[in-house]
Amino acid sequence: MKTWKKAVPFLCFAVLMFGLGSSDSLRGIFAPVFQNRYALSDTQLSLIVTISYVGNLLFLSLGGKLLDTFGRKTVVLSVTAIWALSMLLNVVSDSYICILISMFFALGASTLLNTTVNILTPVVFSGYAGLMVNIFFFIQGIGTSGSQFVLGRYGLSYPGFKGVSFLLLLIGAAAGFLLILIPLRGEKQPEHLQSKGKTEAPVTQANPKPAVFILLCTMIGFYFIGEHGIMNWLFSYCIQAFQIPSGKASVYLSLFWGGMTAGRLIFAPVVQKMGTVKSIRIFGTVGTLLFCAGILTGENGILLLSISGLAISVLYPTMVLLIQQIYPAGVVATRTGAIISVATVADIVFNLFFGVITGAIGYRLSFMILPACMVGFNICYMALQKYIWRNVE
C-alpha cells in the first residue's frame with residue numbers, strides 16, 4: 001500500500017511534466033506553420049510569445065494565493081483542466097485569435113502547474129524532495145527536447161499541430177485522473193519545514209523581512225536572464241558575432257539544452273545528499289565560472305559555454321525548493337508565485353531591449369550582459385545565504 005501511495009504521485013507528476021514540457025515547445029516549433037497558415041506579420045507572430053508570457057505572469061500572480069487559500073489539490077485539478085481545455089481549443093478551432101487564446105491559457109497554466117509540482121514534491125516525497133524534483137524537471141526536459149526533435153522532422157504542419165494538441169489533451173486527462181487518486185487531504189507540512197528533527201537547510205520560523213523577498217526576486221531574475229538568454233539568443237550570437245555556420249551553431253545550442261536536461265537526472269542524487277543551500281552554492285559557482293569563461297573567451301569558448309548548461313541545470317528547481325525552506329507553509333505558494341512573477345518581468349524586459357542593444361553595439365558586446373547577470377546571481381545568493389543563517393532562531 002505504501003508503494004502504491006508513492007507510485008501514483010510519481011506517475012502523475014511524471015506524466016504531467018512530460019506533457020507540460022511538450023506543450024511549452026508548441027509556440028516555438030510551430031511558429032512558421034502559424035505564420036504561413038494565417039499570413040502573419042512578424043509583429044503578429046511575436047504576439048504569440050508575448051501573450052504566453054502575460055499568461056505566465058497572471059497565473060503565477062493569482063495562482064500562488066489560490067493554492068494557499070483553496071487547497072492545492074483543488075487548484076491543481078482546476079488548472080490541469082484549463083490546460084487540457086486549451087489543447088481542446090487547438091483541436092476544434094482554426095484561427096489566429098484562437099491560437100492567442102490557447103497560448104495564453106496553455107502557457108499560463110503550464111507555468112503554474114510546473115511550479116506547483118515543485119511545491120508538492122516535498123509534501124508527497126518528504127525526505128528526498130531534492131532528488132525527485134530534479135527527476136521531474138528532467139522528464140519535463142525530455143518532453144520539450146523530444147517533441148522539438150520529432151515534430152521538427154515529422155510533424156511540422158498544421159495537421160501535426162492538431163495531432164499533438166490532441167495527444168496533449170489525452171495526457172492532461174490522464175494526469176487529472178491520477179491527481180484524483182493522490183491523497184493530499186492533510187497536506188501536512190513537509191519534513192524539511194517541520195521544527196523537530198534535522199532539517200535539510202536552515203529555515204526561518206516566521207515571514208522574513210521584505211529584503212529577503214527582494215533578494216530572491218533579484219537573484220532568480222538574474223538567473224532567468226542568464227539561462228534564457230542562452231536559450232533564446234545563442235544561435236543568433238554564434239552566427240552574427242562569429243559567422244559560425246547555422247548547423248554548427250545549432251549543435252552548440254543543443255549541447256546547452258541537452259546538458260540542462262541530463263544534468264537534472266545526473267545530479268539529482270547529489271542535490272539530495274548535499275541539500276539545497278550547499279547545492280546552489282556549488283553548482284551556481286561552477287556553472288557561473290564556466291558560463292563567464294565561455295563568453296569572455298569569444299569563439300574559442302562557445303563549447304565551454306554550452307557545457308555550462310550541465311552545471312547550472314539543477315539551479316532553478318533547487319531554488320524553488322529553497323523558497324519553501326524560507327517561507328512558512330501557509331504562504332509559500334503565494335510567495336513562490338510572486339517571486340517567479342517578478343523574476344519573469346526582468347526576463348521579459350531583457351528580451352524586449354536586447355534586440356535594440358545588439359543593433360547598437362553588436363552581439364559580441366551585448367552578450368557580456370549574460371555573464372554579468374550570472375555574477376549578479378551569485379552575489380545575491382551569497383547575501384541571501386548570509387541573511388538566512390543569521391536569522392535562524
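Here is a short walk through the structure, from its overall build down to a few single residues.

Keep in mind as you look around that this is a predicted model. Let's start with the big picture. The protein is built with 17 helices and zero strands.

Now for how the chain comes together. Take the contacts with a separation of 6 or more: 84% of them are between residues 24 or more positions apart. As for what is hidden from the surface, 53% of the 393 residues count as buried.

That brings us to the inside. In soluble globular proteins, nonpolar side chains tend to be buried together. Here, the largest nonpolar core has 116 residues, and Phe13, Trp83 and Tyr223 are the ones with the most contacts inside it. What does tryptophan 83 touch, once you leave out residues up to four places away in sequence? Its partners include Leu16, Gly19, Leu20 and Ser23, along with Ala106, Ala109 and Leu113, and also Leu168, Ile171 and Gly172.

Next, pick out a pair of helices. Two packed helices are described by the angle between their axes and the distance between the axes. Helix H12 covers residues 276-296 and helix H14 covers residues 315-326; they pack at an angle of about 145°, and their axes are 9 Å apart. The crossing of H12 and H14 is left-handed. On the H12 side, the residues that meet H14 are Thr276, Val277, Ser279, Ile280, Phe283 and Gly284. Facing them from H14 are Leu315, Thr318, Met319, Leu321, Leu322 and Gln325. Sort the residues of this contact by type and you get seven nonpolar, five polar and no charged.

Finally, two loops deserve a look. Most residues other than glycine have a negative phi, and most peptide bonds are trans. Alanine 39, though, has a positive phi, near 50°. You'll find alanine 39 in the loop between helix H3 (31-38) and helix H4 (42-70). Is alanine 39 buried or exposed? Its relative accessibility is 64%, so alanine 39 counts as exposed.

Glutamine 243 also has a positive phi, near 55°. Its place is the loop between helix H9 (210-242) and helix H10 (246-266). With 60% relative accessibility, glutamine 243 counts as exposed.

Methods. Residues numbered from 1 in each chain as written. Predicted model: local features only at pLDDT ≥ 70, side-chain atom pairs only at ≥ 80, totals over all residues. Heavy atoms only, no water. Axes fitted to C-alpha atoms, helices over the stretch in contact; angles between N-to-C directions. Helix = DSSP H or I, 4+ residues; strand = E, 2+ residues; numbered from the N terminus. Left-handed = near helix turned anticlockwise from the far one by under 90°. Contact = heavy atoms within 4.5 Å. Nonpolar A, V, L, I, M, F, W, Y, C, P; charged D, E, K, R; others polar. Core = buried A, V, L, I, M, F, W, Y, C linked by side-chain atoms within 4.5 Å. Buried < 20%, exposed > 50% of the residue type's maximum accessible area, 1.4 Å probe, protein only.
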